[in-house]
Amino acid sequence: MIEVNNLRKTYNGTTVLNIGHLQIEQGESFGLVGNNGAGKTTLFSLLLDLIEPSAGQVAINGIQVNKSEAWKPLVSAFLDETFLIGYLTPEEYFYFIGELRGQNKASVDALLHKHEDFFNGEILKNKKYLRDLSKGNQKKVGIVATLIGNPQVVILDEPFANLDPTTQFRLKKIIKDLADDKNVTVLVSSHDLAHTTEVSNRIVAMHKGEIVKDIKTSAETLKELEEFFAV
Amino acid sequence: MFKKFLWLEWKAFTRAASLGTNIALKILMGLVALYFIGVFLALGIGVYFVIDEHLHQDPLVVINKFMIYYMAMDLVMRVMLQKIPIINIRPLLVLPIKRSTIVNFALAKTFVSFFTIMHVFFFVPFSIVLIMKGYDPLGVALWWVAMWAMIYCNNLLNILINNKDSLFIGFIVLILALGGLQYYGIYDITLVTGVYYQSLFSTYYVFIIPVVVLIGLWVFTHKYFIKKLYLDTGLKGKNEIAETQDFKWLNRFGSMAVFLKNDIKLILRNKRSKTTVIMSVLFIFYGLLFYTGGIEVYDNQPMKVFASIFVTGGFLLTFGQFVPSWDSAYYPLMMSQNIQYREYIASKWWLMVIGTVVSAVLASFYLYFGIEIYLMILAGAVFNIGVNSLLVLLGGAFVKTPIDLTSSKQAFGDKKAFNIKTFIISLPKMLVPIALFVIGNYISGPLMGYGFIAGTGLLGLIFRNAAFRAIERIYKAEKYSTLSAYKQKN
């Protein structure tokens with residue numbers, strides 16, 4: 001589904017990302033772990049063509065992302081609050097994304113209804129603009145918005161950060177449900193090794209811009225990762 | 001402490017992503033500044049002799065008579081054009097710095113503005129001439145102090161007006177009313193104020209009034225902002241009650257409707273963008289200065305053509321110049337969603353067309369000055385729709401200054417949609433129609449001139465799609481640098 005070849009990103013002579021080859025298959029649930037500055041967000045930004053690669057290429061479903069835009073209908077992402085429009089109410093934001101992804105109001109409503117638990121009554125019909133919501137609630141809106149329009153690839157950067165424990169549990173359930181769908185490829189990055197091993201069937205660890213571990217999740221994965229990161 | 005603040009400011013300027021365009025604009029603004037310095041200097045040195053020779057009156061008395069207009073113009077220019085500097089206050093709050101120091105710095109920063117310094121070039125030479133001509137030096141010095149105090153008052157008033165919409169509108173109405181009363185000879189305010197300004201020179205104590213007013217204003221402003229330095233007051237702004245709105249009537253625009261709806265919400269729900277609407281209404285009245293023939297230098301055809309572009313183009317200039325910067329806060333979203341650039345651009349274009357058409361209809365009261373004036377305005381409107389709308393979109397793609405919509409809710413936020421920068425990048429858009437008019441007028445008269453302007457506008461409409469494609473290419477080529485420039489918030 002996603003193929004990365006000889007991808008490199010350099011800022012003023014410092015290489016922040018260097019990946020020889022990475023192939024992510026359709027239906028895979030892909031977890032990306034690493035310390036600050038490991039290159040997780042850089043990789044996601046390159047996948048979404050938000051920054052220009054210094055060398056190499058990214059292809060989603062065979063479409064090279066910086067050459068054509070035909071990959072956009074397949075992919076949805078939430079990296080940070082720059083993916084939210086502050087002066088809209090949550091409902092307006094969901095409908096806006098829905099219209100961009102060719103969904104009518106009824107199907108967006110159905111999706112919102114399904115995730116009412118996740119919202120915990122703090123999002124919908126609250127007469128607040130997105131800019132006035134707390135960081136955690138903003139994140140809930142961003143995450144649910146990525147589910148609109150049946151995307152084939154869902155990219156979430158640090159989805160667990162800023163969320164309360166209950167919501168973290170619910171989010172894990174949402175991601176697992178997505179991962180069970182064999183048509184959907186989920187990419188999640190996190191600092192939290194436990195969360196990531198729980199929701200992903202493949203884990204890639206990055207360090208200083210390079211892939212240092214690439215493992216299929218098993219019972220021992222968490223321990224292996226903890227040993228790796230405990231220095 | 002102030003030195004540290006200045007160091008922060010310098011870093012913020014030199015490390016801004018938009019530094020390149022910033023420097024180009026600063027150079028242009030420098031040239032404009034030099035021009036005004038020249039004018040003020042010439043005025044300051046020459047005005048004494050001109051009045052003395054031609055009017056045979058005491059020059060100081062004449063100057064004092066008109067001083068009220070000088071001060072009013074200063075305030076108008078400030079309100080319209082002076083950009084209120086923003087300082088990033090949040091990170092400073094928990095540091096061991098007194099709140100009072102932060103406010104003092106923010107206020108002091110507004111004083112170091114061209115709009116204040118400019119006056120030195122008038123008052124200093126004028127005062128020197130007065131002393132050389134044998135006026136009482138102490139009187140001149142006190143007059144000078146008083147003038148300076150009043151200019152500082154203007155500066156503070158501007159900051160306060162900037163923070164309150166009601167004050168802003170009230171101020172505009174007051175100026176229009178006073179100007180109107182004087183123009184129609186009903187009430188001449190200079191009779192009263194002339195005496196006051198003269199007494200600043202002729203007595204040794206009246207100067208205390210402006211100085212006391214200045215101190216009072218400073219204390220008031222200072223207190224006003226200290227109160228605003230809390231995260232839940234001035235630095236955050238109140239949480240409005242939000243209503244979900246649908247704007248179903250816009251659905252007739254098809255796939256573009258989704259963007260149009262969003263843009264209308266953008267304009268209505270953010271202060272900075274809301275002022276674009278206020279400005280475009282004000283610009284409709286801008287033509288009055290030109291068409292009434294009240295001001296001699298404006299009373300000629302090319303200047304009237306110049307005004308006619310502004311009358312209908314206010315919204316286009318204040319809003320259009322900053323497309324796509326209005327969407328800077330969520331540009332990564334726009335770039336990763338399934339969005340056709342064409343529809344995005346077309347929706348902004350339609351918005352400007354709607355703004356121009358509405359202005360043209362509202363401007364129909366200019367028919368009072370004759371059908372020709374209104375024809376001129378309509379020709380200007382066609383030109384705005386056909387050509388200028390495309391030019392602003394083209395230029396906007398290169399203006400990569402992020403607009404932080406939320407900052408406008410803060411105490412020292414950027415609330416004005418129009419400032420000297422906008423004005424300077426607008427100027428070229430006025431010069432082409434003037435040139436067209438002059439050519440047409442030279443060939444067979446004014447009507448041909450208007451025809452040329454409107455005709456060029458229509459040509460622009462015909463080539464609209466080609467222009468959209470060109471703009472789209474620029475958007476694509478500039479995508480990465482725009483994204484990284486928008487990442488910085490001021």
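## Close-up views of chains A and B

**View 1. Three salt bridges link chain B and chain A**. A salt bridge here is a side-chain nitrogen of Lys or Arg within 4 Å of a carboxyl oxygen of Asp or Glu. One to look for joins Asp49(A) to Lys479(B), with 2.8 Å between the closest N and O atoms. Helix 12 (257-269), helix 16 (331-336) and helix 21 (464-487) of chain B each give at least two residues to the side that touches chain A; helices (H or I, at least four residues) and strands (E, at least two) are DSSP runs, numbered from the N terminus.

This is a predicted model, where local features need pLDDT of at least 70 and side-chain atom pairs count only at pLDDT 80 or more, while totals for chains, interfaces and linings use all residues. Residues are numbered from 1 along each chain as its sequence is written, and side-chain values use heavy atoms, leaving out hydrogens and water.

**View 2. Here 37 residues of chain B meet 30 residues of chain A**. Contact means heavy atoms within 4.5 Å. The two chains bury about 3200 Å² between them, 53% of it on carbon and sulfur atoms; this is the accessible area (1.4 Å probe) lost on being put together, summed over both.

**View 3. In chain A, an open sheet of four antiparallel-paired strands has the order 2-1-4-5**. Strands pair if DSSP finds at least two bridges between them. Strand 2 (14-24) and strand 5 (63-64) each have a single partner, so one side of each is left without a neighbour in the sheet. Five bridges join strand 1 (residues 2-11) to strand 4 (residues 55-60), and Glu3(A) stands opposite Ala59(A) of strand 4.

How values were computed:
Chains lettered and ligands numbered in written order.
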